[in-house]
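Please view the sequence and the structure together while reading.

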Amino acid sequence: MTIEITMYLLFLAVGFGLGVVVSLNVSAQRLEKRMQRLSEPAPPPHVEINVSEDLVARYLDSFDLVAIPKDLVVRAGQAPTRH
């Protein structure tokens, strides 16, 4: 009976050891694939915007916009001067 328990424990230990080895191997392969993907340069994003001028005009007309002269904007950004 002692030999049966020993064989059973040996069987469990070998199975557990093989499971750990296989798991580490799979993890190493995934990590290697991830490192390869990170080392390759990513393609530049391609963005194409197709908006008509009429659409932009209608969008801007939906707001109550007021034109401010550029010289006032520049003066507003500067520190006030003492006289």
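The text below moves from the whole chain to single residues.

The model is predicted. Its secondary structure consists of three helices and zero strands, and from the N terminus on the elements follow the order α-α-α. The radius of gyration is 35 Å, well over the 12 Å that the globule rule gives for 83 residues, so the protein is more spread out than a compact globule. The C-alpha trace spans about 105 × 45 × 30 Å along its principal axes. Buried residues account for 0% of the 83 residues. The accessible surface amounts to about 8800 Å², and carbon and sulfur atoms contribute 65% of that area.

The protein carries 8 positive and 9 negative side chains, with the centres of the two sets 9 Å apart. On the surface, R30, K33, R34 and R37 form a patch of positive charge. One of these residues, K33, is located in helix α1, which covers residues 2-39.

Side chains of opposite charge can pair when their charged atoms come close. The count of salt bridges here is one: D54 and R58 meet through their side chains at 3.8 Å, N to O. Both D54 and R58 belong to helix α2 (residues 53-61), where they stand four residues apart, about one turn of the helix.

| Residue | Relative accessibility | Class |
|---|---|---|
| K33 | K33: 56% | K33: exposed |
| R58 | R58: 53% | R58: exposed |

K33 counts as exposed because its value of 56% is over the 50% cut-off.

Notes: Residues are numbered from 1 along each chain as its sequence is written. This is a predicted model: local features need pLDDT of at least 70, side-chain atom pairs count only at pLDDT 80 or more; totals for chains, interfaces and linings use all residues. Side-chain values use heavy atoms; hydrogens and water are left out. Patches are made of residues with over 30% relative accessible area and no salt bridge: like charges are joined within 9 Å, nonpolar side chains (Val, Leu, Ile, Met, Phe, Trp, Tyr) within 5 Å. Accessible areas come from the Shrake-Rupley method with a 1.4 Å probe; for residues, only the protein chains shown count as cover. A salt bridge is a side-chain nitrogen of Lys or Arg within 4 Å of a carboxyl oxygen of Asp or Glu. Lys and Arg count as positive and Asp and Glu as negative; His and the chain ends are not counted. The place of a charge is taken as NZ of Lys, CZ of Arg, CG of Asp or CD of Glu. Helices (H or I, at least four residues) and strands (E, at least two) are DSSP runs, numbered from the N terminus. Buried means under 20% relative accessible area, exposed over 50%, partly exposed in between (1.4 Å probe, protein chains only). The radius of gyration is taken over C-alpha atoms; the globule rule is 2.2 Å times the number of residues to the power 0.38.
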